[in-house]
Amino acid sequence: GAVVTVRKGKVEKAKQVTADTKITETEGKKGVDIDKGEIKKGEDIICLGEAGENKEFVATRIDKRPPK
């Protein structure tokens, strides 16, 4: 899988992304499937997941949030 770096404030963390990771965008109150290429650097996302085999975070869903 690939690695995505996410940042909250000044803290950066690496997140594992697999072929099973669902990529969505929030439209209204629903999540709509999108291609990972539609997420650009600096956009707000929410990354949901769980601990993998080596205790690393594996994303099960990445949701692109609407601009504030």
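Biologist: What is Glu 12 in contact with, leaving aside its neighbours within four places in sequence?
Modeller: Thr 5, Val 6 and Arg 7. Contact means heavy atoms within 4.5 Å. Glu 12 itself is found in strand β2.

Biologist: What kind of model is this, and what are the ground rules?
Modeller: It is a predicted model, in which local features need pLDDT of at least 70 and side-chain atom pairs count only at pLDDT 80 or more, while totals for chains, interfaces and linings use all residues. Residues are numbered from 1 along each chain as its sequence is written, and side-chain values use heavy atoms, with hydrogens and water left out.

Biologist: Why does Glu 12 count as exposed?
Modeller: Exposed means over 50% relative accessible area, buried means under 20%, and partly exposed lies in between (1.4 Å probe, protein chains only). Glu 12 has 52% relative accessibility, so it counts as exposed.

Biologist: Lys 15 is buried. How do you know that Lys 15 has no salt bridge?
Modeller: A salt bridge needs a side-chain nitrogen of Lys or Arg within 4 Å of a carboxyl oxygen of Asp or Glu. The nearest side chain of opposite charge to Lys 15 is Glu 12, and that is 12 Å away. For charge, Lys and Arg count as positive and Asp and Glu as negative; His and the chain ends are not counted.

Biologist: Where is Lys 15, and what is it in contact with?
Modeller: Lys 15 is in strand β2. Beyond neighbours within four places in sequence, Lys 15 is in contact with Ala 2, Val 3, Val 4, Val 6, Cys 47 and Phe 57.

Biologist: How many salt bridges does a search of the whole structure find?
Modeller: It finds 4. One of them joins Lys 64 and Glu 43, with the closest N and O atoms 3.5 Å apart. That pair links distant parts of the chain. Lys 64 is in strand β5, Glu 43 is in the loop between β3 (30-33) and β4 (45-51), and 21 residues separate them.

Biologist: Why does Lys 64 count as buried?
Modeller: Lys 64 has 12% relative accessibility, so it falls under the 20% limit. Glu 43, at 32%, is partly exposed.

Biologist: What makes Arg 61, Asp 63 and Arg 65 one network?
Modeller: Arg 61 and Asp 63 meet in a salt bridge at 3.5 Å, N to O. Arg 65 and Asp 63 form another, with the closest N and O atoms 2.8 Å apart. These salt bridges share partners, and that joins the three residues.

Biologist: Is Asp 63 buried or exposed?
Modeller: Asp 63 is buried, at 4%. Arg 61, at 30%, is partly exposed. Arg 65, at 33%, is partly exposed too.

Biologist: What makes up the largest nonpolar core?
Modeller: Val 17, Ile 23, Ile 34, Ala 59 and Ile 62, 5 residues. A nonpolar core is a set of buried Ala, Val, Leu, Ile, Met, Phe, Trp, Tyr and Cys residues joined through side-chain atoms within 4.5 Å. In soluble globular proteins, nonpolar side chains tend to be buried together.

Biologist: Which residues is Ile 23 in contact with, leaving aside neighbours within four places in sequence?
Modeller: Val 32, Asp 33, Ile 34, Asp 35, Lys 36, Ile 39 and Ile 62.

Biologist: Why is Asp 20 called exposed?
Modeller: Asp 20 has a relative accessible area of 71%, which is over 50%, so it is exposed. Asp 20 is in strand β2. Its C-alpha atom is 8.8 Å from that of Ala 59, 39 residues apart along the chain.

Biologist: What stands out about phi of Lys 55?
Modeller: Phi is near 70 degrees, a positive value in a residue other than glycine. Lys 55 is in the loop between β4 and β5. Lys 55 counts as exposed, at 73%.

Biologist: How many helices and strands are there in the protein chain?
Modeller: There are 0 helices and 5 strands. Both are DSSP runs numbered from the N terminus: helices are H or I, at least four residues, and strands are E, at least two.

Biologist: Why is the protein chain called as compact as a globular protein of its length?
Modeller: The radius of gyration is 12 Å, close to the 11 Å that the globule rule gives for 68 residues, so the description holds. The radius is taken over C-alpha atoms, and the rule is 2.2 Å times the number of residues to the power 0.38.

Biologist: How many of the 68 residues are buried, as a percentage?
Modeller: Buried residues make up 19%.
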